[in-house]
Amino acid sequence: MKTPLLRILSGIVLLLVATFVIWQGLSRPTRLVLMHIADDVQTAGAAPANLLLGSSTLARLDTATISNCGNWLNRAVGNSQLTDIKHYLSWTPIQHQPQHILLYAGENDVAQSKTAPQVAAEYMALIKQIMAHYPAAQIHILAIKRSPARQQYWPAFDEVNAKLQAYATLQPQLHYYANNLLQTDFSADGIHLTGEGYRRFFHGVTLTCKAATNG
């Protein structure tokens, strides 16, 4: 017969096992989103910072590359799709106060066989969610890059980019940036960027932040 203490310990063990099983059943992006949220809670009340939202292209970024825009809180998630960014915005209990939000997304969605119209619609819904959440923030949208390893998706990337660019002209807080990346700007995997690639990729954002600071 179990004592009360053994019952409590058994319950704790079962809870830990159940939590582990549930955690293991989550996708890697979802686990990373939850880890970002845990960090949000732990650092609540810290000095305001700008937000990075997107996939591994931003998750790997050295934020010194865009230091002209101020301090950055990196909430990008490797291998993520648009839904993962929406989950982060919906689930985090912390209201950040960014002046700038840098957004790079959509590439993985297209590479996972979503159609260009579907990705464009989801992307614009995400942008609307961000604007509602942070109405005072300037939102910088980086065009989907033509990654050499994903050449078969370039037409879809271009179609999504065209719709994002057109949408950005309708909202004063949106800033759209095309890119002119070279083959040599990509790392060996043909998807992620080199240091020089990052500098070229964020050149437009850097200029916008410099102009805002000087203005």
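How many helices and strands are there in the chain?

**Figure 1. The whole chain, a predicted model.** The chain has nine helices and five strands. Both are DSSP runs numbered from the N terminus: helices are H or I with at least four residues, strands E with at least two. From the N terminus, the order is α-α-β-α-β-α-β-α-α-β-α-β-α-α. Of the 215 residues, 43% count as buried (under 20% relative accessible area; exposed is over 50%, partly exposed in between; 1.4 Å probe, protein chains only). Residues are numbered from 1 along each chain as its sequence is written, and side-chain values use heavy atoms, with hydrogens and water left out. In this predicted model, local features need pLDDT of at least 70 and side-chain atom pairs count only at pLDDT 80 or more, while totals for chains, interfaces and linings use all residues.

**Figure 2. The largest pocket.** Its space is about 220 Å³. A pocket is an open set of points on a 1 Å grid over the protein atoms alone, where a 1.4 Å probe fits, with protein on both sides within 12 Å along at least five of seven lines; lining residues have an atom within 4 Å of a point. Points are joined across faces, edges and corners, and the volume is the space filled by probe spheres set on them. Of the 13 lining residues, Thr 43, Ala 46, Ala 47, Pro 48 and His 96 are closest to the centre. The lining divides into seven nonpolar, five polar and one charged. Here Ala, Val, Leu, Ile, Met, Phe, Trp, Tyr, Cys and Pro count as nonpolar, Asp, Glu, Lys and Arg as charged, and the others, Gly among them, as polar.

**Figure 3. His 96 and its neighbours.** His 96 sits in the loop between α4 (82-91) and β3 (100-104). It counts as buried, at 12% relative accessibility. Its side chain makes polar contacts with those of Tyr 88 (2.9 Å) and Asp 40 (3.4 Å). A polar contact is a pair of N or O atoms within 3.5 Å; within protein, one must be able to donate a hydrogen and the other to accept it, and residues adjacent in sequence count only if both atoms are side-chain atoms. Leaving out residues up to four places away in sequence, His 96 touches Asp 40, Leu 51, Leu 73, Tyr 88 and Tyr 134 (heavy atoms within 4.5 Å).

**Figure 4. Lys 210 in helix α9.** This helix covers residues 203-214. Lys 210 is partly exposed, at 40% relative accessible area. Lys 210 and Ser 67 are 143 residues apart in sequence, yet 9.9 Å apart in space, C-alpha to C-alpha.
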